[in-house]
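Here's a quick tour of one protein model, starting with a charged spot on its surface. Have a look at the fold before reading on.

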Amino acid sequence: MIGSISSRARTFFRSLAGQIFLLLTIGMSLAAMLALLVAEQSRSHDFQRWRIQRVVASAEDIGHRLQRDPQRVEAMLAAQQIMGAAAAPEGIAVAEPDAALASALRARFGPASNPEASQVPTGLCFPALHYNPSERAAGVIDAPRPDCWIVRFTDSTGARRSMALNLPRLARPPSMVANPLYMLLIVIASAGLAIIVARIVAEPLRRLEHAAEAFSVSLDPEEIPESGPEEVRAALSTFNLMQRRARAGFAERTQLLAAISHDLQTPLTRLRLRLELVENEELRTRLLHDHQAMQTLVREGLDLAASTEAQEEWSVIDIDSLLESMVEDAQDLGGPLRFTGGCGGTVRVKPNALSRCISNLVSNAIKYGGSAEIGCSRQGGRVLIYVRDRGPGIPPDQLDQMFEPFTRGAAGQPGGRPGTGIGLTIARSLALTFQGSVRLANAEDGGLIAIIEMKG
């Protein structure tokens, strides 16, 4: 189970769709995490700027109050009667000046104000005995003590002012970048989008792959619909053009072979008439036998040429009915053919091509085995038709050679018969016209099995 999953995963990630999926998932996840990090940094910067603006606004407000009524405001600051502001305790130095805050204060109070400011520990600004926010505001019991800034500047009268300003301490929300749940959601969302994009991008290539596979097993595949982006349409159009040119080449070769075979029949007929006039009976018999072999070659040459033609239309047929009909016809003519079992259902084929393919295999089986059996089965969405004989079989290393034109089994072997050696070649060519294949295998209990495999 684990090995199967691992194998399928390796296969997927070696594919174009898998590599696009991986790159997009990683790229989009990193981009989303980087965007979150930048957003958090920007939010932190905005928060710091807002705090500086609040401190400056508080300092400006207290400064204006001191100009209007300095004695009263100083007394209120000393008694901590102004929320958010108080007199700065004596002896607190601005050890680490805040340059940004000082610059903002200088912009408000003018260059002569010589401001200085720094954030200091809250305990230095508001000792516990003098500051208790829970007595002055609701909902702040056990709340953290506020942040405190010491601000000093020279006002318009030339007096040096020193005050402690505070703002409520706001806890920052936890970082989303460090939250595993956010990271998981980002990866899942990126993976979902990546698989959709990968499938869309790889779809034209899959169509091209299927078309190339169909062209490799058929001389008459259907052309690919030329749809999609411009580059995809151009590639599909080029592939369709290649198919048409290849078919044209096959057609020219077929027509040439058919023409030669057809034209040979006329002189062969005249030759037979003249051979009949030979007086030596033994010589005449031999010559007529050779003449018959030549005619057989010409006839089968025509059959081979016809087997590569792909003009027949596709049809859906009942496979069992076809096989039973062929067996009955053969038995009516005295042929030793037996039906061993069907597989049910229908198949989409070129019926005449399939019938001729089966007939060639049956003839071959009867010729070399004396009798034949025919049946079919289904395996993984494929239909397999079996034609079996009870002959001597073929050495395993010669099985593939039997499909080469003019290749025959040994005529002297038991059950062997002379022939032209293109019957299996014709059968394979016919199978290609309906996107099928033919192969040979030796049966375990003797004999040879020819197998036609096609889509179910």
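Helix α9 (residues 319–332) is the top contributor to the negative patch, giving four residues. The whole patch consists of Asp318, Glu324, Glu328, Asp329 and Asp332. For patches, residues need over 30% relative accessible area and no salt bridge, with like charges joined within 9 Å; a salt bridge puts a side-chain nitrogen of Lys or Arg within 4 Å of a carboxyl oxygen of Asp or Glu. Glu324 sits in helix α9 and is partly exposed, because its relative accessibility is 36% (buried is under 20%, exposed over 50%, partly exposed in between, with a 1.4 Å probe and protein chains only).

A word on the source: this is a predicted model, where local features need pLDDT of at least 70 and side-chain atom pairs pLDDT 80 or more, while totals for chains, interfaces and linings use all residues. Numbering runs from 1 along each chain as its sequence is written, and side-chain values use heavy atoms, without hydrogens or water.

Helix α11 (residues 423–433) is mostly covered, with eight of its 11 residues buried. Among them are Leu424, Ile426 and Leu430. After α11 comes Gln435, with a positive phi near 60°.

Now for the protein overall:

| Item | Value |
|---|---|
| Buried share | 34% of 456 residues |

Methods:
Patch = residues over 30% accessible without salt bridge, like charges linked within 9 Å, V, L, I, M, F, W, Y side chains within 5 Å. Areas by Shrake-Rupley, 256 points an atom, 1.4 Å probe, with all protein chains shown as cover. Lys, Arg positive; Asp, Glu negative; His and termini not counted. Charge placed at Lys NZ, Arg CZ, Asp CG, Glu CD. Helix = DSSP H or I, 4+ residues; strand = E, 2+ residues; numbered from the N terminus.
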